[in-house]
Amino acid sequence: MKKAFILMVGLILLIFLSSCSDSDKQDFYGTYTFEKVSYLSPLSSSTIDYMNERMAGTKYTIEADSFKIEDTDKTVEVSSPNYVKEEIQNDLSPSDEVKYQYTIYSKDGDKTNWRLYASSTSMYIASYVDNTADGSEIIMSIFKLSK
């Protein structure tokens, strides 16, 4: 119970602090397209070649008031997302120059299972799932994006 309270307070503090500092968030706003698969989980039933072909042409719009993924089959949109800046917690940083990740939450504070990795030269997006067995997360894929 005490850990849950500390975690909740930490999350609220992170959301508050991230909303107070717009300077580094604006650096990654924009429209991007899928470039290539940087990582694919061994748990995935797809291959990297298939995913590179499947995701070609996918467009990602990352703005303060909307996060949107548009591919040939469907569109996923999160209105009024919260981009919460965090230190990278796992060994799957897509690049040595990436020091922070931005976990995307809905306006209601729910996880979207999407995460951004932004640096001065590159943008990556990861999808993850919760590992309910131990409460950790499993990164399913990391895609490199281009402007």
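Colleague: What makes you say that R115 lies over the face of Y128?

Modeller: The distance to the ring centre is 4.3 Å. A charge sits over a ring if NZ of Lys or CZ of Arg is within 6 Å of the ring centre and within 35 degrees of the ring normal. R115 therefore counts as lying over the face of Y128. K85 is another case, with its charged end over the ring of Y100, 4.3 Å from the centre.

Colleague: What kind of model is this, and which atoms and numbering are used?

Modeller: It is a predicted model, in which local features need pLDDT of at least 70 and side-chain atom pairs count only at pLDDT 80 or more, while totals for chains, interfaces and linings use all residues. Residues are numbered from 1 along each chain as its sequence is written, and side-chain values use heavy atoms, with hydrogens and water left out.

Colleague: How many aromatic pairs does a search of the whole structure find?

Modeller: Six. Rings of Phe, Tyr and Trp (its six-membered ring) pair if their centres lie within 6.5 Å; planes under 30 degrees apart are stacked, over 60 edge-to-face, and the rest tilted. F28 and Y29 are one of these pairs, with 5.6 Å from centre to centre and 80 degrees between the planes, hence edge-to-face.

Colleague: Why is the pair of Y29 and Y83 called tilted?

Modeller: The ring centres are 6.1 Å apart and the planes stand at 55 degrees, so the pair is tilted. Y29 lies in the loop between α1 (2-20) and β1 (30-40), and Y83 in strand β5 (residues 82-87), so the pair ties together parts that are 54 residues apart in sequence. Helices (H or I, at least four residues) and strands (E, at least two) are DSSP runs, numbered from the N terminus. F28, Y29, Y83 and Y102 form one aromatic cluster.

Colleague: Are Y29 and Y83 buried or exposed, and how do you know?

Modeller: Buried means under 20% relative accessible area, exposed over 50%, and partly exposed in between (1.4 Å probe, protein chains only). Y29 has 16% relative accessibility, so Y29 counts as buried. Y83 has 3% and is buried too.

Colleague: What makes β4 and β5 edge strands?

Modeller: The open sheet has nine strands in the order β4-β3-β2-β1-β9-β8-β7-β6-β5, with antiparallel pairing. β4 (75-79) and β5 each have a single partner strand, so one side of each is left without a neighbour in the sheet. Two strands pair if DSSP finds at least two bridges between them. Four bridges join β1 to β2 (residues 59-62), and Y60 in β2 is the bridge partner of Y32.

Colleague: What is noted about the backbone of S80 and N113?

Modeller: S80 has a positive phi of about 50 degrees although it is not a glycine. For N113, also not a glycine, phi is positive and near 70 degrees. S80 is in the loop between β4 and β5, whereas N113 lies in strand β7 (residues 111-118).

Colleague: Why is S80 called partly exposed, but S106 buried?

Modeller: S80 has 35% relative accessibility, so S80 counts as partly exposed. S106 has 15%, so S106 counts as buried. S106 lies in the loop between β6 (100-105) and β7. Contact means heavy atoms within 4.5 Å, and S106 touches V78, S80, N82 and T112, not counting residues up to four places away in sequence.
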